[in-house]
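Have the viewer open as you read.

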Amino acid sequence: MPSTQIVAVHHSPLNTAKSYLLLGERVVIVDTGPPDRGRRGDVVRRALRAAGRAPEEVSLIIATHGHPDHVGNAAALRAWTGAPIAADVKELACFEGRERLGATPTGLVGRIFLLTPLPHQTFDPFTPDLLVDGEFGLRQYGVDATIHRCGGHTPGSLAVHLPFSGELLAADLLAGGLGIGGIACHGRAIEPPFHEDRPGVVRALAKLLCLGDLETLHVCHGGPLSRRAAAAWQRRMAKELQLPEGLDS
């Protein structure tokens with residue numbers, strides 16, 4: 001199987017909102033960005049075409065969690081590509097529109113952000129085709145990667161590990177840079193505006209940092225981050241929350 005390449009799909013200026021394409025024998029879309037005006041997923045469509053790939057090459061769409069800036073175009077892109085959607089079973093009610101995930105601010109940025117329309121966007125509900133309830137390999141979908149359940153940011157947050165390149169798609173476990181990545185210092189690890197379970201994030205990150213020869217963490221707001229930067233943040237947060245730093249936390 002050819003090596004899998006990660007391509008960032010930018011949904012807003014200044015590195016502040018991204019989803020990703022995994023390019024291998026086939027294509028896996030990781031998150032679909034905030035709902036666009038027509039909710040057709042045009043930004044992802046253009047990125048796919050720019051990569052020289054066709055919609056029929058998409059084998060899977062992964063929803064890392066149910067916040068609208070991550071699943072805003074999931075239903076539209078499933079209809080366009082015919083690919084199934086994979087998501088964590090814990091957030092099924094959210095994806096189907098029966099519940100809405102919480103938005104607990106991690107600090108001043110989150111509290112201000114809640115006053116804007118962005119966190120309150122809606123998306124077209126959908127029922128995932130694959131409900132992830134454990135580690136899930138993606139070789140059958142044409143890419144060298146594995147889905148890991150991590151929780152923390154939301155109850156059903158997912159991360160995607162690419163063992164052969166030492167990369168991790170960490171979604172919103174972390175963010176990177178000033179202004180959520182958009183202004184400067186993109187490689188500086190910070191918290192995103194919201195987390196539902198901050199200790200859970202610290203525990204999940206400790207485990208994920210032990211995966212293979214992990215070197216780079218790709219996040220959806222800012223970044224990318226080095227393993228060293230993520231590990232330093234994890235240790236700092238473990239100390240702040242009075243948690244053990246290691247895997248037994």
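Asp42 and Arg45 sit three residues apart in helix H1, so about one helical turn separates them. Helices here are DSSP runs of H or I with at least four residues, strands are E runs of at least two, and both are numbered from the N terminus. This is a predicted model, where local features need pLDDT of at least 70 and side-chain atom pairs count only at pLDDT 80 or more, while totals for chains, interfaces and linings use all residues. Residues are numbered from 1 along each chain as its sequence is written, and side-chain values use heavy atoms, with hydrogens and water left out.

Asp42 and Arg45 form a salt bridge, with the closest N and O atoms 3.9 Å apart; the term means a side-chain nitrogen of Lys or Arg within 4 Å of a carboxyl oxygen of Asp or Glu. Asp42 also bridges to Arg40, this time at 2.7 Å between the closest N and O atoms. Put together, Arg40, Asp42 and Arg45 are linked in a network. How exposed are they? Arg45 is buried at 11% relative accessible area, while Asp42 is partly exposed at 25% and Arg40 is partly exposed at 40%. The cut-offs are under 20% for buried, over 50% for exposed and in between for partly exposed (1.4 Å probe, protein chains only).

## A bridge between helices

Over the whole structure, the search turns up nine salt bridges. One of them joins Glu240 and Arg198, with 3.5 Å between the closest N and O atoms. Glu240 belongs to helix H7 (residues 227-240) and Arg198 to helix H6 (residues 198-208), so this pair ties together parts 42 residues apart in sequence. Arg198 is partly exposed, at 24% relative accessibility.

## The buried side of H3

Which residues of helix H3 (residues 74-81) are buried? They are Ala74, Ala76, Leu77 and Thr81. These four cover an arc of only 160° around the axis, so they lie on the same side of H3; the arc is taken from the directions from the helix axis to the C-beta atoms.

Their cover includes helix H1 (42-50), strand S4 (58-62), helix H2 (68-71) and strand S5 (85-88), where contact means heavy atoms within 4.5 Å. After H3 comes Gly82, with a positive phi near 80°.
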